[in-house]
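Biologist: Could you take me through this model step by step, giving the criterion behind each term as you go?

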Amino acid sequence: MSGAFRIPGAGHIDRAQPLAFRFNSKSLQGCAGDTLASALLANGVHLVARSFKYHRPRGMFTAGNEEPNAIVQLERGPHTEPNLRATEIELYAGLVAASVNCFPSVDFDLGVLNRLASAILVAGFYNKTFMWPKSFWKKFYEPVLRNASGLGVAPDAPDPDIYDRLHWHCDVLVVGAGPAGLSAALEVARQGLRTVLIDEAPEPGGTLLQRPAQIGGIAGAAWAARAAAELDGLANVLVLRRTSVFGYYDHNYLMALERRTDHLGPGRAPGIARKRLWHFRAARVILATGAHERPIVFGNNDLPGIMLANAACTYATRYGVALGRRGVAFVNNDHGYALALDTQAAAGNLSLIVDARPAADPELARRAAGAGVRALQGHVIARALGGKRVRGVDIRTCAGTNAGRVECDHLLISGGISPAVHLFSQAPGTLRYDARLACFLPDRASQAVEVAGALNARLQLASALADGKAAAARTLAALGRAPAALATSAALTASSAASAGFVPPATVAATAAGTPAPGPVPDELHIEPLWSVQSLLGRKLPGKHFIDLQNDVTESDIRLAAREGFRSVEHAKRYTTTGMATDQGKTSNVTGLAILAEALGKTIPEVGTTTFRPPFTPVTFGALAGRDRGTLSDPVRITPMHAWHAANGAVFEDVGQWKRPWYFPLPGEDMQAAVARETRALRTTAGVMDATTLGKIDIRGADAAEFLNRVYTNAWTKLAVGSCRYGLMCKPDGMMMDDGVTARLAPDRFLMTTTTGNAARVLDWLEEWLQTEWPGLKVYCTSVTEQWSTVAIVGPNSRKILQALAPDMDLSNAAFPFMTFREGEVAGLRARVFRISFSGELSYEVNVPSWHGLALWQAVIDAGKAHGLTPYGTETMHVARAEKGYIIIGQETDATVTPQDLGLAWAVSTQKDFIGKRSFARVDTRRTDRKQLVGLLPRDKSFVAAEGSHLVASPARAVFDPASGSPSIGHITSSYFSPNLGSGFALALIANGRALRGQTVYCVRDAGPQPMTVGDPVFFDPEGKRRDGID
Amino acid sequence: MLRIGCPWCGEREEIEFSYGGQAHLAYPQDPHALTDEQWAQYLFMRDNPKGLLRERWVHSHGCRRWFNVERHTVTHEITAIYKPGEPPPARRA
């Protein structure tokens, strides 16, 4: 026998398969078919957790996904997982679990000291306390709070499991395999439709497994098994068990998480993906997600042993577990009353039902009397008593008179139902408040979805089954598969409603002829709303009155928020943190907003619900990542020369998806030393760089020149074949978008280069204008970035090196001037050689088809040996370009910068029109105090400013003073140390900066402001003599 | 995630497409003839209806072609898809 509280003969567990497990280092035994929660309860273990804020003892409160209390840490080592609900963990042999949020143990927890401070841990305490003294935050408050927060610990080793994803298209997706979902799935599946039925439990059945039920003369559980077997046998049906639909997105796109091996234990199913993320696209969806039960708020309503009535019934019926020897139930509706009696029928341990209503349904009252359960009508429980377990309750009449104390070791509560509208609401569907049932129900859907069962307020078994059939009939009609029995009127209603984009399920259900909507009587809850016993009695009662058990939010927190002026339910939620824990308030949201409504003097519909967002239940990050881990997380682009770079010690930098050599350190060199050596070589002998990643676009067609004229700020029609030009591209608002050199290959053909990171964006931009604004232009754009490899030979010796490789090419300045290109043989390869420069030095960029890239690179390296040729990376490229004041898009520009701001007015035509030109006549772009590009030299030559640093006009302004506004006059865009200048230097954008030349500005930094002198952005060779080399 | 019917490739997942904002905002014939206000209207002002919006999409990871979509901004229901240059279909009642 596994556990002293197991009910002989009851439950759907396998007593022949005992399973040993450990909880908080204690060895216990359960059965196959148990959850961790049911196995613990079978052993009489109620205390399993400490609460988040006050560290109060907590026990199982539910039997499902809505559990707020029983959060455990499962397993150890790399398999360990925090924040799991004991009510959802299937027991397996050797399971190891532990309580969280307690020290040293759940039985004796030092965190209870928080309770002494409960006066300051009220709603919004984190906004109100820990503010002073200011210096305490970093050293004291934050470390203490970080240690105190959280629900468990993350594993400290990489996840050893594998995760998969699968995409699936279907005609009908049914969510929830309770009675409504099963009957709906059977109907559509029998019509041959591609059907998927999903349920989070190991076996379909839902409430059929949780309460005593009879369908057509057989037990509910047997009926569910038979239905599941029929569905499993159909080729057009997929039944997913242990799978939670957690998100309902646009166009009937739903995502679900399937737990494939968790029930076996870690490492017991090698090679099988632990979880599978399902992506569904469904033509129609039927939601049969059921309903959660709701608590009633009274004093100390959080003690272990206090549980929702449906949970108690589930433990007794499904798992054969009694919660104790002597139980009391506290209800305000017939549904809860019936659940209490069902529990009694299985466990026989209920002594008293406390019912806030004057009378219960007479049939139920007769059942209670027959079962020997006393019922107290018109009474409430004011307070629960006990420490680590409930041991009694204080009862009062609804008028407030004391009605004595009753001993008990567990307490069942039912304050009504909250249909699980989460997925419907995500869809997004609107909700309506049903005053008769005191709950929110689905109202208007915006997608092709039906609702059925308890979600649709069909609480009785017969009406849930009928409602599932009705939802299936509407679904079939909408798909044009109307069964003969379905009347035309229903089909018309459904399809006309669907074509309007709105399907009001409740209305459609009522009019679906052939499936008479169940009358109001069988689904009547006879509920008398009771949110809080304190407010019913109109007086303060002792004890803490919890609304949100997981986040420790009490009734007085909500009332405090209302008093402090929080009117919106969304604001009150965030201020009090109601419903913001990992359970997302499944049992607390409606109670919280009802109490807020009362405090504000509003009705519940006036206050409304907060927004339901995915995920419905927590989703493992590993499952979301799937196989996209490590090197598969993002594509890596490498150039044909990559192997040489790697073999020669390059340190790589990520530029977009490209791996580019950052610098090539020699043994013993750090980055600074390597860059200094590379920069010196570039300026004195020669350097070589792999420029393959630069974006290249082939632009062809009769109107190619006209097209470039429109997209570039400068003129292109007169550019000679064989020549190149630097071009600027702006957005219509006149802000810089990209720059690059473009060459005219033929009268009707250009080769455009773009910045490495912008290549795809520029191609998209060109296509957009060609297709949407100028479809009449005859122009075709093709990306050729990956078709060409580019080797830049740079420096005074570059001509000699290239000449050695291309003896037939006339490289003299006269024959091959700056900003031209030539085609010819280089190292025996057909090549295009561009004489352009991004360093101010004489420079040739040699392009060959990419499969020859490595051969060309090797040939250049060999030929350069005699001429001091040094490979260099992006850092040296940056130093060299910044010394010349050449901009980088995205570094000197940020979508608020015009060409004129950068001193590039020379590249902006005043004659022709182009994208963005009109904007240069706007008042804002003509302001004289716009930020302008300048150069900065530090007074202390060793100072290299941090890029992004703010600049101020005087040291006194380096301190922020709210009274005088922002003291910043600009910021540093690029900053390096230049071995050639023997000094740090920077480019900066400063308001009216060109007028400040010669003046001192101050770079703001933690160690105090640093003076820097404003000057021209060109630091090196301002006359541009070096680009022609030494002839 | 939306499911978008590219006029050339058929129904595809939204991740294959890029969004191009409100449709039917033609580049002005002569921008220089506009006042600053009119130019700013073209540059910056866009409709933001709670309801049907005609917008541009491009099949970036497919045929790379642009087209127009009429979409309900609350339900995301796509009520029309048409090629550039084609007139927008009549609004449904």
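Biologist: How many helices and strands are there in chain B?

Modeller: This is a predicted model, in which local features need pLDDT of at least 70 and side-chain atom pairs count only at pLDDT 80 or more, while totals for chains, interfaces and linings use all residues. Residues are numbered from 1 along each chain as its sequence is written, chains are lettered from A and ligands numbered from 1 in the order in which they are written, and side-chain values use heavy atoms, with hydrogens and water left out. Helices (H or I, at least four residues) and strands (E, at least two) are DSSP runs numbered from the N terminus. Along the sequence chain B follows the pattern β-β-β-α-β-β-β, so the count is one helix and six strands.

Biologist: Which strands of chain B stand at the edges of the open sheet?

Modeller: The open sheet has four strands in the order β3-β4-β5-β6 of chain B, with antiparallel pairing, where two strands pair if DSSP finds at least two bridges between them. The twist averages 30 degrees from one strand to the next. Because each edge strand has a single partner strand, one side of it is left without a neighbour in the sheet, and the edge strands are β3 (18-22) and β6 (78-82) of chain B.

Biologist: In β5(B), what is the bridge partner of E55(B)?

Modeller: Strand β4 (residues 52-58) and strand β5 (residues 66-72) of chain B run antiparallel and are joined by seven bridges. In β5(B), the partner of E55(B) is V69(B).

Biologist: Which helix of chain A lies across β4 and β5 of chain B?

Modeller: Axes here are lines fitted to C-alpha atoms, for helices over the stretch in contact (heavy atoms within 4.5 Å), and angles run from 0 to 180 degrees between N-to-C directions. The helix in question runs at about 85 degrees to β5(B). It comprises residues 759-772 of chain A and is α23.

Biologist: How much area do chain B and chain A bury between them?

Modeller: The contact takes 27 residues from chain B and 32 residues from chain A. In chain B, M1(B), Y27(B) and R64(B) lose the most area to chain A, together 25% of what that side buries. Buried area is the accessible area (1.4 Å probe) that two parts lose on being put together, summed over both; with 49% of it on carbon and sulfur atoms, the value is about 2600 Å².

Biologist: How many salt bridges are there between chain B and chain A?

Modeller: A salt bridge is a side-chain nitrogen of Lys or Arg within 4 Å of a carboxyl oxygen of Asp or Glu. One such pair is formed by the side chains of E768(A) and R56(B), at 2.6 Å from N to O. The count between chain B and chain A is four.

Biologist: Which parts of chain A does the salt bridge between E81(A) and R274(A) tie together?

Modeller: The side chains of E81(A) and R274(A) meet at 2.5 Å, N to O. Since the two residues are 193 apart in sequence, the pair ties together strand β6 (residues 81-85) and the loop between β14 (253-259) and β15 (275-287) of chain A.

Biologist: With the side chain of which residue does the side chain of H263(A) make a polar contact?

Modeller: H263(A) is placed in the loop between β14 and β15 of chain A, and, not counting residues up to four places away in sequence, H263(A) touches E90(A), L91(A), Y92(A) and R242(A). A polar contact is a pair of N or O atoms within 3.5 Å; within protein, one must be able to donate a hydrogen and the other to accept it, and residues adjacent in sequence count only if both atoms are side-chain atoms. At 3.5 Å, the partner is R242(A).

Biologist: In what order do the strands of the closed barrel run?

Modeller: The barrel in chain A has six strands with antiparallel pairing, and the twist averages 45 degrees from one strand to the next. Four bridges join strand β44 (residues 931-938) to strand β49 (residues 1010-1015) of chain A, with G935(A) opposite G1015(A). The order is β44-β47-β46-β45-β48-β49.

Biologist: Which residue in the turn between β48(A) and β49(A) has a positive phi?

Modeller: β48(A) and β49(A) run antiparallel and are joined by four bridges, with P1011(A) in β49(A) as the bridge partner of Y1002(A). The two strands form a hairpin with six residues between them, and the residue with a positive phi, about 110 degrees, is G1008(A).
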